[in-house]
Each structure stands twice: as C-alpha cells, then as structure tokens.
Amino acid sequence: MPIRDSSCALPANRVGERRTVAPLLLCLPLLLLLLALLLRPLAHLLHQSLLLTDAPTAGITLHNYLEIAAVPRYRRALLWSLELSLAVAAGSTAICLAPAWLFTRYRFPGKRLMRGILTLPMTFSGMIVGFLMVIMLGRAGFVPQFLESLTGRPLLSGVGYQFPGLVLAYLYFEIPRATLTLESALAKLDSRLEQAARSLGAGHWQRFRLVVLPTIWPALLSTFAVTFSVSLGSFGVLLVLSIRRFTLLPLEIFTQYLAPPSDHGIAAAMSLTLLTIAFATGYGLRRLAGRGEIRHA
C-alpha cells in the first residue's frame, strides 16, 4: 500500500501560508519598533494639528491645514518643496543611470574607488553639503574665481545662494542613493534579452528603447520615489545657504517648532501634509513599478 505524503495533501493556499509565517516572525521585532516609533508620534501630530495653539480648548478644527493654503508664505514653501523635489528626483534618476549601467556591465581599473567616491555624499549631512556649495559656488567660491581668471568676469558668482544652486546641492546629496538603487536593479537585468535583440539586428538605441528601458522602468520609478521622498523632507542645505525670499516647508516646520513665537499646531499640520504627499507618491509609484515588474516577469 503506497504511503501518502502528508505535505502533498495540504491545499495550495495552506502551503503558501506556512511559508510566509517564518519571515513574518523574523520581521516582528522591526514591525513592533516601527509601530512604537510611528503610530504614537503620528497620533500626537494629528491631535496637535487639529487644535489651535493659542486656544487649545476651542475644539477640533481644520484651521491649521487651511492656513497652509491661505498664507502666501506657507503656500509658496509647499510649492517650492514640491518643485525642488521633482527636479532633484528627475535629475538624479537620469544622471545616475549611466554610472549604474557602467558598474553592472563593465570591469575597469579603479571601479571600486569610483563607486566609493559616488557613494561618499551619503555619509554627509545636509549641513556639510551646504558648506561645500558655499565653497564652490558662493560669492567668492572656487568656480567663480576660476572663471574670472579665464574670462575676467566672476561668472556663476553667488549661484550657490539661488534656486539652481539649491537643486545642485540636493542632486549631489541624492547621487549615491539613486546610483545604488539603479545598480541593484540593473544587476538583475537578463543580458540574454539584449543578445537576442542584437542577433535580430537591433541597434544600440533600439535595444535600449525596446528591451532595456521597459525592463528597468520599475527601477526608474522606485528610484524617483525614493529620491523625491528624501528631498521633500530635507532642509539642512537651505539652513546653511540662508537663501533670502526662498523657503521650504521642512524649514518652516523647524522654524514654527523652535523659533518664538512658536506654533506647534501649524507645524504639526505641515508635517502631516508633507508625510501624506511623500507616502502617496511613494505608494503610487511603487504600485506602478510592481505592475511593470509583473508584465516583464
């Protein structure tokens, strides 16, 4: 009489459940830590954002959220934050694609050194990147002085204190994050697809447009989401550069919390607004990336 394997008798969904229990248990400490450090502060922020700082007993109100849209300074800070984050996310994703491709496809002398240099900005704080921008593109920075020695005019003097300088500083800050994310995705790209396209007579541009780009599209979306979210919450560079008539919402939050007269209610509303935008952007783009991965699986 044949002996029946008990594992084969389990329904397919039960087998899948058994396989997912162990990874969930391994993640339990991290999940508990995130719940403790995320839910309680978020609940406090939400409660604080619904109260008036100067009249906390007046009851629940959306006044602080409406202030973000009504006060021109706050509205401009939100729009500049979005504009800056979009520019930095698009720029870093585009310029880091080539070095990520180089690292995954070619061997060359100094490869590890070059990768180390590219990832070095990840160890810097926003304050250090701000000081580097002052040294390079300040009013008496290295670049203006060098250009003055060539042309007689201090070209690009003070650009570090303007919006293009701020975008450049944020790009420098996001380079390692974008490069590592793209390199990890490109390493999984099946080179046989390119070889098959080449054997069918496809040129470089055709292989990139028809084979490579659709395959790495999810990775590009994920990189854009990560760099956008990180840029949206950073303000150390702007704190050092002290650009006049320009502000970002994270800097407004810092000011409202610490600089008198403080307004914790509006600061909490700004914090939750930024958090909602970052979460919605990251979640939406990752869903799109997930659909792309399924199509190309």
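This passage describes selected local features of a predicted model. Local features need pLDDT of at least 70, side-chain atom pairs count only at pLDDT 80 or more, and totals for chains, interfaces and linings use all residues. Residues are numbered from 1 along each chain as its sequence is written, and side-chain values use heavy atoms, with hydrogens and water left out.

Helix 6 covers residues 126-137. Helices here are DSSP runs of H or I with at least four residues, numbered from the N terminus. The 12 residues of helix 6 reach 16 Å from the first C-alpha to the last. This is close to the 16 Å expected at 1.5 Å a residue, where the expected span is 1.5 Å times one less than the number of residues. G126, V129, G130, M133 and L137 are the buried residues of helix 6. Buried means under 20% relative accessible area, exposed over 50%, and partly exposed in between, with a 1.4 Å probe and protein chains only. Seen down the axis of helix 6, the buried residues fall within an arc of 105 degrees, so they line one face of the helix. The arc is taken from the directions from the helix axis to the C-beta atoms. These buried residues pack against helix 7 (142-151), helix 8 (163-187) and helix 11 (236-241).

The loop between helix 7 and helix 8 contains L156. L156 is not a glycine, yet its phi is positive, at about 65 degrees. Its relative accessibility is 45%, so L156 counts as partly exposed.

S49 belongs to helix 1 (residues 12-49). At 0% relative accessibility, S49 is buried. Neighbours within four places in sequence aside, S49 is in contact with T61, N64, Y65, G265, A268, A269 and L272. Contact means heavy atoms within 4.5 Å.

The second largest pocket holds about 230 Å³ of space. A pocket is an open set of points on a 1 Å grid over the protein atoms alone, where a 1.4 Å probe fits, with protein on both sides within 12 Å along at least five of seven lines; lining residues have an atom within 4 Å of a point. Its volume is the space filled by probe spheres set on the points, which are joined across faces, edges and corners. The lining comprises L97, A98, W101, R105, Y106, E194, R198, H204, R207, F208 and V212. Helix 4 (97-105), helix 9 (191-199) and helix 10 (204-233) each give two or more residues to this lining.

The whole structure has 0 disulfides, defined as pairs of cysteine sulfur atoms within 2.5 Å. C27 is partly exposed at 37% relative accessible area. C96 is buried at 2%.
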